[in-house]
Amino acid sequence: MLKLSGRVGQAATYGAGCWALMDENTSMSAASCTTGNGEYLMKTLFAKELVDDLIGCNCPITSQHMTYKKKLLESPFLSKQKAIHAGSLSIIYNTASGDGDLLWAHTTNSMCIGFMSTKQKKPKVRSGRNW
């Protein structure tokens, strides 16, 4: 539904629908997957941009916000687009300290996610709304 015949969406496209990276110099790993207007996510390689910015950041929340702003919403590749619908789920993890963050963001009115760690007995579900 809502797909052109023969179309390959961003979900299966490395860099646009999914991306993961481990930086051995900093012990940081990050991964991201995206959803939304696939053509826009493919033109911007949005999943890769999120991961690249998360790997070298001091604050994952600020980094994610700035990546959405500068590399998606203000991208020169999408300058004529009015409605850019996108969402992402990202993980950043420091192998040296064992600390990590689960991040999600969206440009749509709402977005739901589900997640579960190996330490949880039941998955968690979250829903977010932009006002």
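This section describes helix packing, nonpolar cores and selected loop residues in a predicted model.

Helix H2 spans residues 46-55 and helix H3 spans residues 60-73. The two helices pack at an angle of about 140°, and their axes are 9 Å apart. With that angle, H2 is oblique to H3, because only angles over 145 degrees count as roughly antiparallel. The crossing of H2 and H3 is right-handed. On the H2 side, the contact is made by Phe46, Glu49, Leu50, Asp53 and Leu54. On the H3 side, Pro60, Ser63, Gln64, Thr67, Tyr68, Lys71 and Leu72 take part. In terms of residue class, the contact of H2 with H3 consists of 6 nonpolar, 3 polar and 3 charged residues.

Helix H3 also contains His65. This residue has a relative accessibility of 52% and counts as exposed, since the exposed class begins over 50%. His65 and Leu50 are 15 residues apart along the chain, and their C-alpha atoms are separated by 9.6 Å.

In soluble globular proteins, nonpolar side chains tend to be buried together. The largest nonpolar core in the model has 10 residues. Its members are Tyr40, Leu41, Phe46, Leu50, Tyr68, Leu72, Leu78, Ile84, Ala86 and Ala105. Two or more residues of this core come from each of helix H1 (38-44), H2 and H3. Another core, of 7 residues, lies apart from the largest one and includes Met28, Val51, Leu54 and Leu103.

Ala86 is a member of the largest core. When neighbours within four places in sequence are left aside, Ala86 is in contact with Thr35, Gly36, Leu41, Tyr68, Leu72, Ala105, His106, Thr107 and Thr108. Among these partners, Leu41, Tyr68, Leu72 and Ala105 also belong to the largest core.

Most residues other than glycine have a negative phi. Ser27 is not a glycine, yet has a positive phi of about 65°. Ser27 lies in the loop between strand S1 (18-23) and strand S2 (28-36), and with a relative accessible area of 22% it is partly exposed. Leu45 likewise has a positive phi, of about 45°, without being a glycine. The position of Leu45 is in the loop between H1 and H2. Leu45 counts as partly exposed, at 36% relative accessibility.

Thr95 is found in the loop between strand S3 (86-94) and strand S4 (99-106). The relative accessible area of Thr95 is 41%, so this residue is partly exposed. Thr95 and Ser27 are 68 residues apart in sequence, while the distance between their C-alpha atoms is 5.4 Å.

Asn37 has a relative accessible area of 22% and is partly exposed. Asn37 and Ala83 are 46 residues apart in sequence and 9.3 Å apart in space, C-alpha to C-alpha. Apart from neighbours within four places in sequence, Asn37 is in contact with Ala83, Ile84 and His85. Of these, Ile84 is one of the residues of the largest nonpolar core.

Definitions and conventions
Residues numbered from 1 in each chain as written. Predicted model: local features only at pLDDT ≥ 70, side-chain atom pairs only at ≥ 80, totals over all residues. Heavy atoms only, no water. Axes fitted to C-alpha atoms, helices over the stretch in contact; angles between N-to-C directions. Helix = DSSP H or I, 4+ residues; strand = E, 2+ residues; numbered from the N terminus. Parallel < 35°, antiparallel > 145°, perpendicular 65-115°, else oblique. Left-handed = near helix turned anticlockwise from the far one by under 90°. Contact = heavy atoms within 4.5 Å. Nonpolar A, V, L, I, M, F, W, Y, C, P; charged D, E, K, R; others polar. Core = buried A, V, L, I, M, F, W, Y, C linked by side-chain atoms within 4.5 Å. Buried < 20%, exposed > 50% of the residue type's maximum accessible area, 1.4 Å probe, protein only.
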